[in-house]
Every structure is written in C-alpha cells, then in structure tokens.
Amino acid sequence: MLEITSASNNKCKYVKSLSQKKTRDEMREYTVEGIKSVRDALLSGKKISALYVSFSFYDNETFDYPADIPLYKTADGVFEKMCDTKAPQGILAVVKMGEDDFEPDLKKAYIYCERINDPGNLGTIIRTADAAGFDGVLMSPGCVDAYSPKTVRASMGSFFNIKLRTNVTTEELSEYKEKGFNLLGGALNENTIDYRKADMTKPTIIIIGNEANGISDEILKLCECVKIPILGKAESLNAGVAAAILMYELLRQRA
C-alpha cells in the first residue's frame with residue numbers, strides 16, 4: 001500500500017482528470033465512488049486498476065481490499081479533491097471500460113435511450129431497467145456519457161448489474177426490428193395508442209427520446225407509438241419517470 005499526501009501527486013492528478021469525458025475516452029477508464037458502488041464494481045468482475053481510500057476511511061471502516069489491486073491510502077483533503085461528490089465516503093475505484101458482448105435475445109426486453117442529455121435520467125433508467133429485469137440498456141450516439149460520475153452514481157450500483165451498449169445506431173435498431181423486435185416509442189402522432197393497449201408480451205425494445213425534442217423522426221418511422229395519459233397541466237413527464245412507467249407495464253403484462 002502506498003500513501004499520497006499531496007494534491008500534486010501524479011496519481012491524484014490522473015484520478016481527477018477522469019472527471020473529464022475526453023480523458024475517460026482516451027484512457028478507457030472511469031471512476032466509481034462510495035462503498036456500495038465500489039463493492040458492486042468488485043463483485044461484478046470488472047477490471048479495477050486501483051483503489052483509493054482516505055486516511056479516515058482506512059482507519060475507521062472495515063472493507064475487504066483485494067490483494068491483487070493496487071491500494072493508495074490518501075490524505076483526507078487530497079482525497080476530497082479527487083472526487084466528484086461534495087461529501088465523499090472515502091473510497092474510490094478506477095475501473096477499466098469494457099462493454100458486455102451483446103446479442104439481443106427475443107425472449108428478453110430492452111430499453112433504448114435516444115440522445116438523453118441528463119446523466120441523472122440515464123442513471124435512473126439504468127437502475128429501473130435493472131429493477132424491472134430488463135436484459136440491457138442501449139444508448140444512441142449523442143447520449144450523455146454513460147461513464148460520467150453522475151450517471152454511475154445515479155444508477156446506484158445497477159450500472160454493474162445490467163448489460164450496457166453505447167453508440168447503437170438507427171440502422172442497428174432497424175436490424176433488431178427485422179429480427180422480430182417491436183420498437184415501442186413514447187411519442188404522439190396520428191397512430192398513437194394508450195401505452196396499456198400496446199402488446200408488450202411480444203419481443204420489445206422501449207424507446208425513450210431526448211428530454212427536450214423527443215424521439216427523432218428517423219426512429220419514429222420504426223416505432224409503434226404510445227402515450228402515457230397526462231391529466232393535469234404538465235406538458236410532459238420526466239424521461240426517467242416515463243421510462244419507468246413503460247418498463248413496469250411490460251413487466252405487468254408478462255407476469
């Protein structure tokens with residue numbers, strides 16, 4: 001175990017740089033903060049490059065540190081500067097990127113996020129998909145970075161429990177449709193039906209569109225469109241909320 005006592009330490013600078021998407025993409029690594037998320041990352045079998053703990057955490061908390069992963073004990077003030085959260089718990093992991101092999105299964109269900117901008121929404125969708133037993137979360141080009149600290153944190157550990165695939169194009173969605181999937185999009189057009197009337201017992205990929213602009217026209221052409229009734233004066237539902245309603249309707253129909 002090595003100790004870090006200065007914010008000018010190169011290890012400290014590197015971890016802090018991973019808060020930037022450019023560095024994450026270049027180095028193919030990202031950070032995970034907090035006891036539960038770090039433990040989930042370890043249990044998932046993801047490759048962990050290093051673990052960092054604050055002096056206080058190491059002295060006061062019990063944690064099973066793997067012998068084969070480098071451990072850096074870090075001064076409390078320095079550790080705080082390495083973190084994205086305002087009140088870090090005292091433990092952080094640097095994780096190697098690597099997506100799961102993905103071959104869609106007609107017996108399973110998936111959700112596709114098109115150009116979702118908010119990391120909190122994306123993390124919530126990942127968490128809900130995990131809870132609802134979905135097999136994977138697919139993300140379009142232009143989606144918020146799945147590996148941003150806010151996305152990982154919002155997923156509450158589900159990030160490591162469910163298959164994730166980024167940069168899934170419209171052409172790939174079209175191929176999935178040809179293989180037998182029904183693409184079910186939350187959008188309004190002349191053929192939109194109430195979401196409860198859609199047959200989600202069929203092989204299904206739920207489509208959730210951009211928070212401001214909804215589902216793009218090119219993807220709408222592939223979709224069966226459904227609506228969630230809004231009885232009050234709200235113009236729309238939060239993307240994470242709409243996704244949850246549709247996923248749990250699928251779960252209800254398949255029960």
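This is a predicted model: local features need pLDDT of at least 70, side-chain atom pairs count only at pLDDT 80 or more; totals for chains, interfaces and linings use all residues.
How many bridges pair strand 9 with strand 12, and in which sense? Three bridges join them, and the sense is parallel.

**Overall picture**

The protein has ten helices and twelve strands. Its C-alpha atoms fill a box of roughly 65 × 40 × 35 Å along the principal axes. Of the 255 residues, 49% count as buried. Among contacts with a separation of 6 or more, 76% link residues 24 or more positions apart.

| Strand pair | Sense | Bridges |
|---|---|---|
| Strand 6 and strand 7 | parallel | four bridges |
| Strand 6 and strand 11 | parallel | five bridges |
| Strand 9 and strand 11 | parallel | four bridges |
| Strand 9 and strand 12 | parallel | three bridges |
| Strand 10 and strand 12 | parallel | two bridges |

Individual bridge partners show how the strands line up. Take Gly185. Its bridge partner in strand 11 is Ile207. In strand 12, the bridge partner of Gly185 is Cys225. Further along the order, Ile193 has Val226 as its bridge partner in strand 12.

**Strand 6**

Strand 6 is mostly covered: five of its five residues are buried. In a regular strand, side chains alternate between the two faces of the sheet. Here Ala109, Ile111 and Cys113 point one way from strand 6. Tyr110 and Tyr112 point the other way. Residues on both sides are buried.

In strand 11, Tyr110 stands opposite Ile205. In strand 7, Tyr110 stands opposite Gly136.

**Helices on the sheet**

**Helix 6 against helix 10**

Helix 10 (residues 239–254) also has a helical partner, helix 6 (residues 119–131). The two axes come within 9 Å and cross at roughly 15 degrees. That angle makes helix 6 roughly parallel to helix 10, because angles under 35 degrees count as such. The crossing is right-handed.

Which residues meet there? From helix 6 come Asn121, Ile125, Thr128, Ala129 and Ala131. From helix 10 come Ala239, Gly240, Ala243, Ala244, Met247 and Tyr248. By class, this contact has eight nonpolar, three polar and no charged residues.

**Two buried loop residues**

Is Ser158 buried or exposed? Ser158 lies in the loop between helix 7 (149–154) and strand 8. Its relative accessibility is 6%, so Ser158 counts as buried, the cut-off being under 20%. Leaving aside neighbours within four places in sequence, Ser158 is in contact with Ile126, Arg127 and Asp130.

Tyr147 sits in another loop, between strand 7 and helix 7. Tyr147 has a relative accessible area of 10% and is therefore buried. Not counting residues up to four places away in sequence, Tyr147 touches Arg24, Tyr30, Met97, Gly98, Glu99, Val152 and Phe159. A further distance places Tyr147 relative to Ala93: the two are 54 residues apart in sequence and 13 Å apart in space, C-alpha to C-alpha.

How values were computed. Residues are numbered from 1 along each chain as its sequence is written. Side-chain values use heavy atoms; hydrogens and water are left out. Axes are lines fitted to C-alpha atoms, for helices over the stretch in contact, and angles run from 0 to 180 degrees between N-to-C directions. Angles under 35 degrees count as roughly parallel, over 145 as roughly antiparallel, 65 to 115 as roughly perpendicular and the rest as oblique. A crossing is left-handed if the near helix is turned anticlockwise from the far one by less than a right angle, and right-handed if clockwise. Contact means heavy atoms within 4.5 Å. Ala, Val, Leu, Ile, Met, Phe, Trp, Tyr, Cys and Pro count as nonpolar, Asp, Glu, Lys and Arg as charged, and the others, Gly among them, as polar. Two strands pair if DSSP finds at least two bridges between them. Buried means under 20% relative accessible area, exposed over 50%, partly exposed in between (1.4 Å probe, protein chains only).
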